[in-house]
Amino acid sequence: MKKSALQKARAAYQPKLPIALTGPVKAVAGKPTQSVANQEEIKALFPSTYGLPEIRFEKNSAPTPGKPINVGVILSGGQAPGGHNVISGLFDGVKKIHRDSRLFGFVMGPGGLVDHKYIELTAPIIDEYRNTGGFDIIGSGRTKLETKDQFDKGLEILRELDIKALVIIGGDDSNTNAAVLAEYYKANNCGVQVIGCPKTIDGDLKNELIETSFGFDTATKVYSEMIGNIERDCNSAKKYWHFIKLMGRSASHIALECALQTQPNVCIVSEEVEAKNMTLQQVVDGIADTVAARAAEGNNFGTVLIPEGLIEFIPAVKALIAELNDLLAAKGDEFAAVEPDAQRQWVIDHLSAEHASTYASLPAGVARQLTLDRDPHGNVQVSLIETEKLLSEMVGKRLADMKAEGKYVGKFSAQHHFFGYEGRCADPSNFDADYCYALGFNAACLINAGVTGYMSSVRNLVKPAVQWLAGGIPITMMMNMERRHGEMKPVIQKALVQLDGAPFRKFAEQRADWALNTCYVYPGPIQYFGPTEVCDQPSLTLQYEHKGK
């Protein structure tokens, strides 16, 4: 396989580990935990794995000999930079337990476990993928592990390969599956440990002990480079407003981080829209006012950042989507049988009066997109909704009205972009290369400690890697009950942008200046070699969060 010069150079990069993991390790148990909400319901659903203590790792002065162990690994859900380094760290970690330990990768996600499709990951294979982007070492998938039949089918291949521990690398839904699987295997004395690793570029899988999910750092740096390039072009041509939609279905962490890095004229934060109970028209009016204010200064150009999931945070639309989800879960076959040109009226006829009115007010294209096939978790596929085009169209109409009223004197021409897949498989930044390797190595330490139902946790991330703190937290600690497919289900609670948090407050302090003036910052591409301040900095979100503590 031909390799680029960068690939060859990155292959030689040696990820750094927390000092506690560099020698013999001992696990120290903390206090028992409880779920973030719905404690009684979660405890009833996870009687064997609820209330477990936090674990931290310390250096052990008296090493104990390890025994060979066979471990399985699954990449689940969408790609995120650094997944290969999690697997590399896991491989090195299980080999440290004992050189005869073996690692098996289940192919194309959780479905590979159920369908018994796997490969053994040997040193030559692992060495090909160290410090590279993507998930192509074994592929990923979105099969949900939720039925007894799936658990039992998976157990067959685990027993055949003598696998004693399974590591699931995924986001909140994937790690919810890991918690359910861990509970089933422990309750039935199957002898299989299950460990999760926090993956999602969206940044919404975090808490005090999971400071960030892996891939967020790299993806936001990739997007910020492209936004900076567009801002430079925008400031050169001085004739376009660029509407840029960014990945982040359930939270605005990506948009906020990119705004902090690039200082656009407008960045919408979905959580603020919801908190202020804003309508779609109010969002549009806010953008139009900024366009008009800049036009009054002779600046008929600008950049607008839009979170992918914005539409779900507008309260009236959010309530509509919730009812739509339940309606299509209950009557999806009936809806599918309706002729396409009659589906809009069918939906209106089957919604409550309030939500039917909201649905009817939406442009036909957006209304249709809200009824497209759900994702495997029963959610609207918001990445298919062209929010950037919807907003620019509505802003254009609002500006035309303002011009007729004598409140706008400029010219408005829009360009549209969606940055999503471009950031998911980039070669990991030095931060993500180190963090991911540490998460994988740490997962091996959790396996060696004999625990199950835990998520690999590496903290203190604004410090140099050697000062990071390693350990694990029970996955049930992060869970609550939410409505999915019309039923209440246990899921990991998503971490949304906190409006009283340091990153948002920093943004809010500066956005009025960014709106009227041209304050663009051009981050440029990720730097892998050079001064620490250029190459190894964590995200601004992490830095501001730590300063705010």
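Two strands pair if DSSP finds at least two bridges between them. Strands (E, at least two residues) and helices (H or I, at least four) are DSSP runs, numbered from the N terminus. Keep both in mind, starting with this example: glycine 196 stands opposite methionine 455 in β12.

A word on the source. This is a predicted model, where local features need pLDDT of at least 70 and side-chain atom pairs count only at pLDDT 80 or more, while totals for chains, interfaces and linings use all residues. Residues are numbered from 1 along each chain as its sequence is written, and side-chain values use heavy atoms, with hydrogens and water left out.

Now the overall picture. The protein has 21 helices and 15 strands. Its radius of gyration is 24 Å, close to the 24 Å that the globule rule gives for 549 residues, so the protein is as compact as a globular protein of that length. That radius is taken over C-alpha atoms, and the globule rule is 2.2 Å times the number of residues to the power 0.38. Along the principal axes, the C-alpha atoms fill a box of roughly 80 × 60 × 50 Å.

How much of the protein is buried? Buried residues make up 57% of the 549. Buried means under 20% relative accessible area, exposed means over 50%, and partly exposed lies in between, with a 1.4 Å probe and protein chains only. The accessible surface comes to about 22,400 Å², and 51% of that belongs to carbon and sulfur atoms. Those areas come from the Shrake-Rupley method with a 1.4 Å probe; for residues, only the protein chains shown count as cover.

Contacts next. Contact means heavy atoms within 4.5 Å. Take the contacts with a separation of 6 or more: residues 24 or more positions apart account for 78% of them.

On to the nine-stranded sheet. Its order is β1-β2-β13-β12-β7-β6-β3-β4-β5, the sheet is open, and the pairing is mixed. β1 (25-32) and β5 (118-120) stand at the edges with a single partner strand each, so one side of each has no neighbour in the sheet. From one strand to the next, the twist averages 25°. Angles here run from 0 to 180 degrees between N-to-C directions, and axes are lines fitted to C-alpha atoms, for helices over the stretch in contact.

In β5, tyrosine 118 is the bridge partner of phenylalanine 106. Helix α3 (83-97) packs on this sheet and touches β3, β4, β6 and β7; its direction makes about 175° with that of β3.

Further along sits β12 (454-459). Five of its six residues are buried, so β12 is largely enclosed by the rest of the structure. Two bridges join β12 to β7, and those strands run parallel. Six bridges join β12 to β13 (469-474), and those run antiparallel. There, valine 458 has alanine 470 as its bridge partner.

Which residues of β8 cover its two faces? Trp241, Phe243 and Lys245 lie on one side, His242, Ile244 and Leu246 on the other, and all are buried. In a regular strand the side chains alternate between the two faces of the sheet.

β8 pairs with β10 over six bridges, and six bridges join β8 to β11 as well. Lysine 245 shows both links. It stands opposite isoleucine 306 in β10, and its bridge partner in β11 is phenylalanine 418. On the other flank, two bridges join β9 to β10 (302-307), with cysteine 267 partnered by leucine 305.

α13 (315-336) and α15 (353-361) pack at about 110°, with their axes 9 Å apart. That makes α13 roughly perpendicular to α15; the class covers 65 to 115 degrees, with under 35 roughly parallel, over 145 roughly antiparallel and the rest oblique. Residues making the contact include Leu320 and Glu323 of α13 and Tyr359 of α15.

Last, a loop. Glycine 139 is found between α5 (123-129) and α6 (148-160). At 9% relative accessibility, glycine 139 counts as buried. Leaving aside residues up to four places away in sequence, glycine 139 touches Leu75, Met108 and Gly109.
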